[in-house]
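This report describes strand pairing and charged side-chain pairs in one protein model. Please look at the sequence and the structure first.

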Amino acid sequence: MALAKLGVVVLDCPDPHALAAFYAEVLGGTPEVATDGEDEWVDLKVPGGTPLAFQAAAGFVPPAWPSPDHSQQFHLDLDVEDLDAAEKGVLALGAKPLDTEDRSRSFRVYADPAGHPFCLCAC
């Protein structure tokens, strides 16, 4: 029996509103500011998926990828039907390619606008 259930995945970032808007365009959903008026936290309920939240972090430093000296901590795998179409979309929204050269693989790696790595996967 599980001791807990995953409630939300929280990403630290310099601008929670901007990063929530990026992921809302990628995954769907509508960003919602915390009901207590807290401007440093934004929730994104993802249709049919695990919710994401975005928290302001003073002095945020994005993960280094790939780097043997600095762990990326975690990354998101986002399933897509068409890698080329999804790539075009995330790049237009401000993602940056990290590892996209090998077009024979079933995944490509990008950084969101705050620098968190994520993969588009046709898996």
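Which residues are linked in a network of salt bridges? The network links Asp84, Glu87, Arg103 and Arg108.

## Basis of the model

This is a predicted model, in which local features need pLDDT of at least 70 and side-chain atom pairs count only at pLDDT 80 or more, while totals for chains, interfaces and linings use all residues. Residues are numbered from 1 along each chain as its sequence is written, and side-chain values use heavy atoms, with hydrogens and water left out.

## Strand pairing

Helices (H or I, at least four residues) and strands (E, at least two) are DSSP runs, numbered from the N terminus. Two strands pair if DSSP finds at least two bridges between them.

Strand E4 covers residues 52-56 and pairs with strand E1, residues 9-13, in the parallel sense over 5 bridges. Within this pairing, Leu11 has Phe54 of E4 as its bridge partner. Strand E3, residues 41-44, is joined to E4 by 4 bridges, and these two strands run antiparallel. Leu44 has Leu52 in E4 as its bridge partner.

## The salt-bridge network

Side chains of opposite charge can pair when their charged atoms come close. A salt bridge is a side-chain nitrogen of Lys or Arg within 4 Å of a carboxyl oxygen of Asp or Glu. The whole structure holds 4 salt bridges.

One of them joins Arg108 and Asp84, with the closest N and O atoms 3.0 Å apart. This pair links distant parts of the chain, 24 residues apart: Arg108 is in strand E7 (residues 107-111) and Asp84 in helix H2 (residues 83-92). Arg108 counts as buried at 4% relative accessibility, and Asp84 as partly exposed at 49%; buried means under 20% relative accessible area, exposed over 50%, and partly exposed in between (1.4 Å probe, protein chains only).

Glu87 and Arg103 also meet in a salt bridge, at 3.0 Å from N to O. Because Glu87 lies in helix H2 and Arg103 in the loop between E6 and E7, the pair ties together parts that are 16 residues apart in sequence. Glu87 is buried, at 9%, whereas Arg103 is partly exposed, at 46%.

## Around Asp99

Asp99 belongs to strand E6 (residues 96-99). Its side chain forms a salt bridge with that of Arg105 (3.1 Å, N to O). Arg105 is partly exposed, with a relative accessible area of 22%.

Leaving aside residues up to four places away in sequence, Asp99 touches Trp65, Arg105, Arg108 and Val109; contact means heavy atoms within 4.5 Å.
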